[in-house]
Amino acid sequence: MAGKAKAEFLRQHGGENYGYAYTKWHEQETPPFPWDNLLGWVRRLNGGVIPHQAWPGSFAEFTEKHAGSGDPGLLGLLQAGHGIVSGTEKNLPKNTSEYLGQTVLHTWLSSPWGHPKRNLLADPPEILSPEGWRRLVEEIRRVLEELKDLETHKNQDLSFWRSWREKAIGEGSFVRRAFLSTLAETRLPNNDVTLWDQSYVAAALFKSAVAGALLNSSFLWDDKGVKQKTRWRLLTVALGTEHYEARAVKIGDWTGAQGAIDAFFQRVAELIEVDLAVGSLLYRDSSVAVFSFPGEQSNEATPASWLNGWEQWLLERVDTIAQDLDLETPPYIHLSGPTRSLVPMVGEIREARNRIAIPVHRPWDIRRLNPSDARGHVCPVCQVRLNGDPTDKGKPCGVCRKRRNHRLNEWLQGKLGNDTIWFEEVADLNDRLALLSFSLDLEDWLSGKRIDSLRAQAIPEWARFNPKLDGAPNPIDPQGAYKSLVEYIQGRLSSFDKKDPVLRNLHEGYRHHQDWPSFFHLVVEDRVEDRAEAPSWDDLNDDQRAAWLAHQFFRKLPSPGRVYRFWREAEEFFQDLLREFRQLAARSPNPWRVWRLVVKLKRNPPGQGGSTNPVLYNGRWRGKPISLLRLPGSEGFLTVSNLARLLQPEDKKDALKDQQMELWVEDSQERHSVEVAEVSEPKDRLGVYCPVIPLELSPLRFRLLVPLEAASACVDLAVNQWRERFARVWDRLPLRVGVVAFPRPVAFQGVLEGVRNLEDALQRSEEEEWTVEEARPGPGAVSLLLKRKESRSLRVVPTFLPDGREDVFYPYAAVNDQIRYPRDFRHPGGQVYRHVADLRFGDRIRVAPARLATLFMGSTAERFDLPASRYLEDWTRMREVWALLQRVAPSQTALQHLRSELARAEVAWSAPDGDPAARQEAWRAYLEALIATHLEVKGNTLAALIEAALDGTLQWALDWHMTALKESV
């Protein structure tokens, strides 16, 4: 696939005749790339395990014949893996799909949800430059030379093999970065799957297919039908991560447990990917990992005898890894049934989560590190071991102490970059923090359910650009496209005509089949995510068969490459947010916000001088909190608190010199008065920091701690980024945001429980039906005014692509209606989808709404005081209301009085007496008088504030900005 990572490949597909053959890129190098010299040892080492006839004539044939079919042996297995990943993207006959091509001026890489990301030839990434290509070739050479060297020296140390693999294709590898930045398929709308997505998943499936062939003693290496017969299984490994999070007393307990959990999944990956070499990682979040795994062929009995005992053996190996890491809960492991897609992955993940929801879901032994663990109190963190100290109930056990120090050690070693690990440094000027939680409703995309709304082609567009098929007029009517197509297919089901002009020009594979049942199996049964919704040919009547075929011909498919891209793109979205959040959190007019100092005292506090571990001291200086960390072997103390609370921007570091401060060891009541002798700047990487603490980043959820003063800006950014990147699928891919604000002294365990409660409430939101009140087309987009429950929503949905063509692939809404417009289509289950440009007044659309909830926790008791979740765009409106108040409020006192009166009035007016309409009108009149009196406003400003008060937005703005943020006007 490296041959596609050249500008010539894109230019050729953009209309320029380069005569470039990407499969033969190795021949065009000077001298030709030496595949056989670098990989010939593989065949020699094989020793007959793989028969001679199963090998291609040369290793170069792997690059030249990977996309073919009908080859036996290793090439056939490669074609099986490649075909299931990219073949489903390219089943459109070339002569009737040319109109989908991109031009040289507009060759765009897009997100899997249609957001344009980069014009690859106008703004080329490094790999599309001559220097980038040369670097890629040299990197491939280096990777293969190191591989040969590893085997030549018979190195059996798995860590070396794992390191080689990580350097070759890991997160920081050049091959990965290069392949991520360009395309494997340039036609619309398949410009959403990168070269990396297709290559990585194809390689993973090929690897598992070869492993399955080696394990199966009866495998037919000379079978030319191996491509269609090959199937895979999914290996799911899970661990009850939520249990460790819920038991964390301090943040170090949770981050330390995360380190152990990450080590667990890394070692499992090493077992599967390197030691056994039977598969590759296809999905990973905080608690579940899914790997490709060998499966039986379609003509084998299920389950195949050669797979007997594998699941139990793997469970024993994975158990050993978990016990070596002293994990308190047993892992879960499961092998799926045979499949040709990644779509069953969501069901496997969901079942795994159900099992690990019970922490000890099967018998599990807890090891003791040493004999002293047999006495003392129960550990307050893990709650399953004794802490070895009968005198201290708050002391963790040896395992939990080690985990708690794990994060500190990583920070000291510089493994965390510039991110801090100290609450004291994250806290803002008011000593407050916010835990932000973001999640995308991704599961229905991974399962393929929501891909039903996306088009590989629009039926009327296809008919319009192909007025003739094989020299005859196209019988599909563009004005009644969906109905015309279904009726046409239905009329052809009585016999299978391989020369039918419509069907052979809709699917490349049609002409290669002999009957309807086999073709239907390939197009429907083998490509539909929910087998219950796609029964076999024999279970359907002709109406249903025609509906399913019409749907599958024109929908985007949940191919393995695309499913892999979905979760990887979601994770990338959160990673991009994290980079931006770091900038927002560090932004301050006071440069001391991100600086640390080294303080030497005239007399050190007693009792900790000989400690071999870092010791944290809390203290106060000039009535404000300060925290100092004493490092082993150091005479100085490192400041680990927000110095902007202590020093003004114009202050020099010597402002602390000769000053008195009071210090005490964490969790101790003994105070010590000390005096500063000397102040200096750290000489290493600890001098500056970024005031954020990432807690979790996975495809499904992103959590982090930020200064409360930066929380609103972070949420603003996330909302704007979501609106931009997911604008075409806003109704089917909602962002859910939880914000928990709290003073620093509030227990971390209580904060975590508060955010979990908030997340659970947001997850329970259901789909709603919104009504179109107005649809106004604009330049490149459609503005929709939608009625939802008791309010309205304005949405702007892009309807054009960057090259000026109308986007007929992504922006479709599920409507409660019949087929009315040319671009309308119906899922075989009955749901009708309509292009947003065709929406009209009164249309009712199904929406999975984006939601947000905020909670201020003054104490841990408030973790159960869950506020009602709001629509995400209400956050933006609340911020606008506060901005309005800042402009018009005569004083802070006036706002405080208004807030108090609103709270009192809401209680007084809550009794449900009298006529509801009359009460509502009286309540509006009362609010008008109240706001006008306190804020001295009138006209449009008064009207806007009255509307905000009626739906609670005004009260929310006052509570959030005045109570949580302590802002003033």
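I began with Asp807, which forms a salt bridge with Arg728, the closest N and O atoms being 2.7 Å apart. This pair links distant parts of the chain, 79 residues apart: Asp807 lies in the loop between strand E21 (791-798) and strand E22 (812-815), and Arg728 in the loop between helix H24 (708-725) and strand E18 (735-743). I counted as a salt bridge a side-chain nitrogen of Lys or Arg within 4 Å of a carboxyl oxygen of Asp or Glu. Helices (H or I, at least four residues) and strands (E, at least two) are DSSP runs, numbered from the N terminus.

I note that the model is predicted, that local features need pLDDT of at least 70 and side-chain atom pairs pLDDT 80 or more, and that totals for chains, interfaces and linings use all residues. Residues are numbered from 1 along each chain as its sequence is written, and side-chain values use heavy atoms, with hydrogens and water left out.

I then looked up accessibility. Both Asp807 and Arg728 are buried, where buried means under 20% relative accessible area, exposed over 50% and partly exposed in between (1.4 Å probe, protein chains only).

I looked at two further pairs. Arg450 forms a salt bridge with Asp441, with the closest N and O atoms 3.0 Å apart. Arg450 counts as buried because its relative accessibility is 9%, and Asp441 counts as buried at 17%. Asp123 forms a salt bridge with Arg118, with the closest N and O atoms 3.5 Å apart. Asp123 is partly exposed at 42%, and Arg118 is partly exposed at 29%.

I searched the whole structure and found 85 salt bridges. I also found a network of salt bridges linking Glu242, Glu245, Glu696, Arg701, Arg703, Arg756 and Glu759.

I turned next to helix packing. H24 and helix H26 (residues 872-888) pack at an angle of about 130°, with their axes 10 Å apart. H24 is therefore oblique to H26; angles under 35 degrees count as roughly parallel, over 145 as roughly antiparallel, 65 to 115 as roughly perpendicular and the rest as oblique. Axes are lines fitted to C-alpha atoms, for helices over the stretch in contact, and angles run from 0 to 180 degrees between N-to-C directions.

I closed with the strands. Six strands, E10-E13-E12-E11-E14-E15, form a closed barrel with antiparallel pairing; two strands pair if DSSP finds at least two bridges between them. Seven bridges join E11 (residues 615-621) to E12 (residues 624-630), and Asn618 stands opposite Ser627 in E12.
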